[in-house]
Amino acid sequence: MELPLVVGVDGSEPGMSAVDWAADEAALRGVPLRLVYASLWERYEGAALAEGLGRSSEQVLADNIVEVAAKRAHRREVDLKISTEVLPEEPVPALLREGRNASALVLGTRGRSGIAELLLGSVSLAVAARADCPVIVLRGGHDHQVTSRMRRRIVLGVGEEPEKSAAVRFAFEEARERRVPLEAVRAWRCPAHESTDHPLMSGELAHLYEQRATETLEAALRDAPAGVELHRRIVEGPARKVLLDASAEADLLVVGAQRRHGHFGLQLGRVAHAVLHHSACPVAVVPQQG
């Protein structure tokens, strides 16, 4: 059974841009598209009122939103298999549950102009930090439009233990399906407490950390599928800055997020958190169970 690509819709322009992006992605993967709207309309308007009047105004609005979204996706990808669902519950738990039977979740942002545009919506952040499947958060511009796929490049942020990384496998698959190059990036830094005033010793330490970064990168790419064009980059600097700079020339930035059993709250890590807020392109957060 093919797991669908699930997109959260809310009627906003960023949400509709997410529908466009998800329709293209579902068609590329050859999987169904599932459109989900979640809101606690029963809590605010009352279940009894909804039953007495047939449908509440909020339910009518929700039905209209998913209907418009489905028509929009069909216009974009005529042969796409699409299903819709309106759920009278909080968006975060609803989307997390949907993610258990999804190939990936796609979410828009509610950023506006200026500083607010840089901030990620609470729903997108919470879902990206807890979902069991990859979560793709679409960064938009001042007009709420998602960056178009014109750069023809996927960037992978290579973390620790890359040979076991679900993010690496996800990036391989995306590059293969899209037939675009994959740029694997590994950032490295010489810790301040290990630095020395002696120029020769300082150079040796820097070379050691750079060599470790090179080895980690090679381990990540060891099982690359045939036909995927690979580019390797070892960059000195903070991983957050390195990946944010790379996002300016990418169609998709892929990062991993460690999920630890028994831990509650947001499980993202500083790098994933930073790129979700500030990336210049869509970000795929791929969970790694550990």
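Trainee: Let's start with charges. How many salt bridges are there in this predicted model?

Mentor: The count comes to 17 salt bridges.

Trainee: Okay, pick one. Which residue does Glu174 pair with?

Mentor: Glu174 forms a salt bridge with Arg29, and their closest N and O atoms are 3.0 Å apart. Glu174 sits in helix α7 (residues 166–178) and Arg29 in helix α1 (residues 13–29), so this pair ties together parts that are 145 residues apart in sequence.

Trainee: And is Glu174 buried or exposed?

Mentor: Glu174 is buried, with a relative accessible area of 3%. Arg29 is partly exposed, at 21%.

Trainee: Why does a spacing of four places matter in a helix?

Mentor: An α-helix has 3.6 residues a turn, so residues three or four places apart point the same way.

Trainee: Nice. How accessible are Glu67 and Lys71?

Mentor: Glu67 is partly exposed at 41% relative accessibility, and Lys71 is partly exposed too, at 46%.

Trainee: Which residues are joined into one network?

Mentor: Glu25, Arg29, Glu174 and Arg178 are, through salt bridges that share partners.

Trainee: New topic: helix α5. Which of its residues are buried?

Mentor: In α5 (residues 91–99), the buried residues are Val92, Ala94, Leu95, Leu96, Glu98 and Gly99.

Trainee: And what covers them?

Mentor: The cover includes the strands β1 (5–8), β2 (33–38), β3 (82–87) and β4 (104–107), along with helix α6 (122–130).

Trainee: Last one, Glu183. Where is it?

Mentor: Glu183 is in strand β7 (residues 182–188). Glu183 is buried, with a relative accessible area of 8%.

Trainee: Which side chain does Glu183 have a polar contact with?

Mentor: That would be Arg153: a polar contact of 2.9 Å joins the two side chains.

Trainee: What else is Glu183 in contact with, leaving aside neighbours within four places in sequence?

Mentor: Besides Arg153, Glu183 is in contact with Ile154, Val155, Leu156, His231, Arg233 and Ala246.

How values were computed: Residues are numbered from 1 along each chain as its sequence is written. This is a predicted model: local features need pLDDT of at least 70, side-chain atom pairs count only at pLDDT 80 or more; totals for chains, interfaces and linings use all residues. Side-chain values use heavy atoms; hydrogens and water are left out. A salt bridge is a side-chain nitrogen of Lys or Arg within 4 Å of a carboxyl oxygen of Asp or Glu. Helices (H or I, at least four residues) and strands (E, at least two) are DSSP runs, numbered from the N terminus. Buried means under 20% relative accessible area, exposed over 50%, partly exposed in between (1.4 Å probe, protein chains only). Contact means heavy atoms within 4.5 Å. A polar contact is a pair of N or O atoms within 3.5 Å; within protein, one must be able to donate a hydrogen and the other to accept it, and residues adjacent in sequence count only if both atoms are side-chain atoms.
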